[in-house]
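Trainee: I'd like to learn how to read strand pairing and chain contacts. Could we work through an example together?

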Amino acid sequence: MRGREAREQAERKAVMATLAQSAGDDIVRLWDEAGLPCEAELLRGPETGLVTVRGRIGGGGAPFNVGEATVTRATVRLASGHVGHCYALGRDKQKARLAAIADALWQDPAHRNEVEIRIVAPLQAALAKAREQRRAETAATKVDFFTMVRGED
Amino acid sequence: MDIAAQSIEGGFADPVFNAQTVFRAVMDAMARPGSVQPLPALAHPPAPLSATAGAVALALCDNDTPLWLDPALQVSAVKSWLGFHTGAPLANTPADAHFALIATPAEMMALDGFSQGTQDYPDRSTTLILEVGDLISGAALLLEGPGIEKTATIAPAQMPRHFVEQWKQNNQRFPRGVDIILATFDAIACLPRTTRIKMMEA
Amino acid sequence: MYVAVKGGETAIRNAHKLLADRRRGDRSVPALRLDQIVEQLALGVDRVMSEGSLYDRELAALAIVQARGDMIEAIFLVRAYRTTLPRFGYTRAIDTGTMLVERRVSATYKDLPGGQLLGPTFDYTHRLLDPELAAGGDVAEPEQRAGEAEAMPRVSAILAREGLIEPDGDMPGDHVPGDITREPLEFPMARDIRLQALSRGDEGFLLALGYSTQRGYARNHPFVGEVRIGEVELELDVPELPFAVPLGSIRVTECQMVNQFKGSAKAPPQFTRGYGLVFGQSERKAMAMALCDRALRASELGEDVIAAAQDEEFVISHSDNVQATGFVEHLKLPHYVDFQAELDLVRRIRTEHDARENAGKDEEKRQAAE
């Protein structure tokens, strides 16, 4: 039982991560194509604020504050009673609202599959592709050292 | 699910204007100690947190203001409601709190247990928000000091024990010392640290 | 007496209108769009984000346009804007070890795990102006190299295995990271607060100080253990969710500076470290920050404080370019009354001085005559 709950939380977090990483325009486009409901009661926001980004001294030591970043958040409730949240970097309020609705719909067994297949999977594929491309472009600048033989025989 | 639902409902319907309304009332009440500022029920927190005290908390508290709750308010619905709507962390001790919410002032700990601020930063003391039944049925307090032309009188019900004596000590710590917001079900009044309680009538 | 002088409203209004006109410039030239600045002046945007201490590319781009490219003015605009926003909280500390790396080099190890990745660098360019860029020609797609992703541990982890390098900087267990946006500066300050101040410090100022340490003012034999640039994920703990909520990714630059250290009464001979971490791709800034961080640890490591870069109060009090520009630039604002008072004072002193001179001359004459 506890294991199932933990797994479900991890899955929900992954969905929220995908939505937060994706561009607002992509979410809107997929939403329109999927024809998912976009009515929900706004319980909070969408509102923009700051988070203070923390790093660690030396990379792994004690935390310190580096600076701030803009974040937009929203909390919605569906007619079904499911409550969804979104926190995402940037100031895109429409994205925050839709992502919160997606989070709420995902918790509703009647809609989870649809959200997974029509929204999350395509976003995830696009993110993975962009990530892989960036990695491959960086990998092309990797230095291959050759050992030079100096002098004759 | 119930607690989750309770914790996200009952915030300000119009966050900016509602917060401004409450802030205005608190500011006027602080500027004119003893004056009673009516406040409509703009927030609907879970019991036992009152609508007025809840609205004051929503207007004043945020992520940077550790909040202390008295034992009566140590209810998970109240904690998660305040957490969701204000983001304020719960203070470990009363001395760490920027604000304290007190549902049963008659049983509360001594005023000097809260942060009194420092000589350099007297603004860092705790602001106490006391839920009181009304401002007329308790022992009458005759008030004097900045913001009061001659004298003002309020008679808050269910005040802390030995309040007049404790307040005198609070005055003596000036510029350090706590400030108090008294919240009834539909109004607030304030006792800033500069206000002196002259005498108490039966 | 203080005399308030009112006036100049029309002049100010017209000056601002003129500013708007000059900012736009020749109307036959297309206006800049923010996305052009974000994409094509990315490192300028990164500087404004790091010293403005606010990660938001579009806002930084807007600030650059509004400031007509004056970077410190743009940083000022960003700092002013951030004060209007509520704060939702502090993120969990980022893990640069799991970064999606876009550049990573080490000057201390040739064959470190994950390798040396040059990334989009100016290094090894010839610094010749490129007429083709002026002509606006097409740019080829970059090369790609397939292969498995390799783990890239921080270089500090590699040196640590030999025990010859100090560990990552620690604080007492109950230490809450200080925040200069909430508490006034107090000296001496803990290293975490110093790093926050350095991270938003002026690149030019920190660069000059870092350079001064290399030239012998607080020499500390630095090597770049590692510079890495790339994206890291942010997570925030919020009361309404039972897990840390993912916010997305930001690009940061991290520099691990490694310094030879002969040892002192307080620490054995070993390699010590300076650390730099800044928003965006800002390699020079991260390196300068790491040099300053190390220099400022002089007292902690039992070194003599002999140079400017080691003087915490000097470095931290003057590293913020918004404060610096505010105080320097305010000198041009009306000081009519101050100056009038000083004028009166100097006139009076001069009169007294002249009187003394004349009295002295009269005395000389009188003595000569006798």
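This is a predicted model: local features need pLDDT of at least 70, side-chain atom pairs count only at pLDDT 80 or more; totals for chains, interfaces and linings use all residues.

Trainee: In which sense do strand 1 and strand 2 of chain A pair, and over how many bridges?

Mentor: They pair in the antiparallel sense, over 13 bridges. As a general idea, side chains in a regular strand alternate between the two faces of the sheet. Then look at the turn: six residues lie between the strands of this hairpin, and A:Gly58 there has a positive phi near 70 degrees.

Trainee: What about the other neighbour, strand 3 of chain A: how many bridges join strand 2 to it?

Mentor: Seven bridges, and those two strands run antiparallel. One facing pair is A:Arg73 with A:Tyr87, the latter in strand 3 of chain A. The hairpin here has five residues between the strands, and A:Gly81 takes a positive phi near 95 degrees.

Trainee: Is strand 2 of chain A mostly covered or mostly open?

Mentor: Mostly covered: 13 of its 15 residues are buried.

Trainee: Which strand of chain C is joined to strand 2 of chain A, and how do the two run?

Mentor: Strand 1 of chain C, residues 54-55, and the two run parallel, with two bridges between them. Go back to A:Ala69: its bridge partner in strand 1 of chain C is C:Tyr55.

Trainee: And the whole contact? How many residues does each chain bring?

Mentor: Interface size is often given as the accessible area lost when the parts come together. Here we count residues instead: chain A brings 50 and chain C brings 68. On the chain A side, helix 1 (2-21), strand 1 (41-56), strand 2 (63-77), strand 3 (83-89) and helix 4 (112-139) each supply at least two residues. Strand 2 of chain A gives the largest share of that side, ten residues. Sorted by class, the side of chain A that touches chain C has 21 nonpolar, 18 polar and eleven charged residues.

Trainee: Now chain C by itself. What does its secondary structure come to?

Mentor: Chain C has 13 helices and six strands. Its radius of gyration is 27 Å, well over the 21 Å that the globule rule gives for 370 residues, so chain C is more spread out than a compact globule. The box filled by its C-alpha atoms, taken along the principal axes, is roughly 100 × 65 × 55 Å. Buried residues make up 35% of the 370 residues in chain C. Of the contacts in chain C with a separation of 6 or more, 64% are between residues 24 or more positions apart.

Trainee: Last one: what is the strand order of the open sheet in chain B?

Mentor: The order is 1-8-7-4-3-2, six strands with mixed pairing. Strand 1 (37-38) and strand 2 (67-69) of chain B are at the edges with a single partner strand each, so one side of each has no neighbour in the sheet. Within that order, look at strand 7 (residues 179-183) and strand 8 (residues 187-191) of chain B, which run antiparallel and are joined by four bridges. There, B:Leu182 stands opposite B:Ala189 of strand 8.

Key
Residues are numbered from 1 along each chain as its sequence is written. Chains are lettered from A and ligands numbered from 1 in the order in which they are written. Two residues are in contact if their C-beta atoms, placed from the backbone, lie within 7 Å. Ala, Val, Leu, Ile, Met, Phe, Trp, Tyr, Cys and Pro count as nonpolar, Asp, Glu, Lys and Arg as charged, and the others, Gly among them, as polar. Two strands pair if DSSP finds at least two bridges between them. The radius of gyration is taken over C-alpha atoms; the globule rule is 2.2 Å times the number of residues to the power 0.38. A residue is buried if 20 or more other C-beta atoms lie within 10 Å of its own, exposed if 12 or fewer, and partly exposed in between; C-beta atoms are placed from the backbone.
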